[in-house]
Amino acid sequence: MELLERTHIGELAQHIGQVIRIRGRVDTIRDQGKIIFIMVRDRSGIVQTVAWFGDEEIFKTAKTLTSESVIDITGEVKEAKQVACGYEIGIKTLNIDSLAQTPLPIAIEAEHTDNVTALDKRLDYRWVDLRSRRNQLMMDVATTMGASFRQYCVDNGCVEINAPRVISAASESGANVFEVKYFDRKAYLAQSPQFHKQMGIASDLERVFNMGPVFRAEKSFTTRHLTEYTSFDVELGYIDSYKDVCKYEQEMIKTMLTNVKAKYGDKVKEVFGIDIKVPEGDFPYLSVAEAKEKLAKAGVESKDTGDFSPEEERAMGEIMEKETGCEFVFVIDYPHARRAFYHMKNEENPKLALGYDLFWKGLEITTGAQREHRLEELKANATERGMELDGQLKDYLEYFEYGCPPHGGFAIGTERVLMKMLGFGSILETTYLPNTPNRLGKLLSKIAVEKKK
RNA sequence: GGAGUGGUAGCUCAACUGGUUAGAGCAUCUCACUGUCACUGAGAAGGUUGCGGGUUCGAGUCCCGUCCAUUCCGCCA
């Protein structure tokens, strides 16, 4: 018999009365003795299929099925008033593509279950874990988020670059880089595409963006840190102020949220219980000094006048949302000494940097700034911090020797954005296969061990 | 790097001041059931209580060591 083309389960309503073919996974089996109901799901939806004892071959095969097996069914889409969606599939052929072993090593997160497996174990079996409706939706939202950021940049005059991930010198402080062997010499995994995206400005690409992995060798045990994460970086030439950068990022985020809401808003509301809000108007600005005043008024303890503790960040998010109705806030006027040396100083008050952090619901999702493009000032900033101009910085400083436009940019931690958008408690959950100080390629080593047996 | 919490069945958790054979829900397996839809009913199987040592007549429980997980802080996106 000639095989039909596959129909996605979500489109079955348009095929009532027809014989179609579906391929997907066994969700639940309800065996009634002489009639078996098999719920089959694919990425587009779920449908009830029916096997009768009269169809001996089919019935025999159906009896051997296990939950989570992969099957291939042809059958007729029939109206059925007993079923919530109004139709079901009468099975005409049933093939098992892949039989799943039982029981499953973890519980797949679903409605009506309260024994959700611990995250650590779920990550060990991530390929099973990702089958849940919640995680499928998360992956869809993540895709739309990335595509929206990218498209916004393309639509606004940016060129996409792919800065090297393996580099010869540490791009930032130097303390938190992973060292790798590069033939017979040392190399490093990039902590940020910062220097190379600035090179794009010196190359007259005018506006550039870079989406890709960055690596941080920090033993951070929190719900918001990874050793490898995906950074969305933008650098804009010919700006007048770092506020041009803020505006650009603000519009980029609003566009992304609009797209996600249009495509998945209802589902996100249903599955995560979160109403995606697209902010109206501009995100508020708040100076560090003003923020500290507000925090003091609210009785939140502060140990540092130049930066915020996580507790302060959360409190600041709540205070600002109450005052302005906006979940986002640009925090500005940080002390220059506490920021990267390549941030431009504020001429009116050289102790302050022309940079910002963007917070969403109490979490830092971005650092941005106007960069120092004037070679002498840049050298002075570096020297001020005891950095060697002839050392690792030499290549970077050369970008400014043959003329470089004024510019500024920012970097977004995409997993953090996803975490806040969907209300996850940990960034590990929003990462396909998270790497942390304690978790590195565990999945792959597990497979290697099982093959040896 | 610092501080806290935890590790008991495939999964989620119980087990009082140390005391009989370490329990439950879900999942799994077997049987029954022709309309279920979180199917139902009956039954079964499933444990080196993370690992090593110690105290005790007796340790899941107390002590020491060790490994693992997790949360918070520091650092950052």
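**Nonpolar cores and the RNA-facing surface**

In the predicted model, M252 touches F149, Y152, C153, F232, V234, F410 and I412, residues up to four places away in sequence not being counted. Apart from the core to which M252 belongs, there lies another core of 21 residues, which includes I9, V26, V40 and F59. The largest nonpolar core comprises 55 residues, and those with the most contacts inside it are M252 and M421. Helix α6, spanning residues 242-272, gives the most to this core, contributing 12 residues. In soluble globular proteins, nonpolar side chains tend to be buried together.

RNA strand B is surrounded by 49 residues, of which the closest are Q82, E88, K121, I365 and R416. Of the atoms of RNA strand B that come within 4 Å of the protein, 47% belong to sugar and phosphate. By class, the surface near RNA strand B consists of 17 nonpolar, 17 polar and 15 charged residues.

The elements that give two or more residues to the surface near RNA strand B are the strands β1 (19-31), β2 (35-42), β3 (45-52), β15 (363-370) and β16 (407-413), together with the helices α2 (119-124) and α8 (310-324); β15 gives the most, with 4 residues.

How values were computed
Residues are numbered from 1 along each chain as its sequence is written. Chains are lettered from A and ligands numbered from 1 in the order in which they are written. This is a predicted model: local features need pLDDT of at least 70, side-chain atom pairs count only at pLDDT 80 or more; totals for chains, interfaces and linings use all residues. Side-chain values use heavy atoms; hydrogens and water are left out. A nonpolar core is a set of buried Ala, Val, Leu, Ile, Met, Phe, Trp, Tyr and Cys residues joined through side-chain atoms within 4.5 Å. Buried means under 20% relative accessible area, exposed over 50%, partly exposed in between (1.4 Å probe, protein chains only). Contact means heavy atoms within 4.5 Å. A residue is near a molecule or strand if one of its heavy atoms lies within 4 Å of it. Ala, Val, Leu, Ile, Met, Phe, Trp, Tyr, Cys and Pro count as nonpolar, Asp, Glu, Lys and Arg as charged, and the others, Gly among them, as polar.
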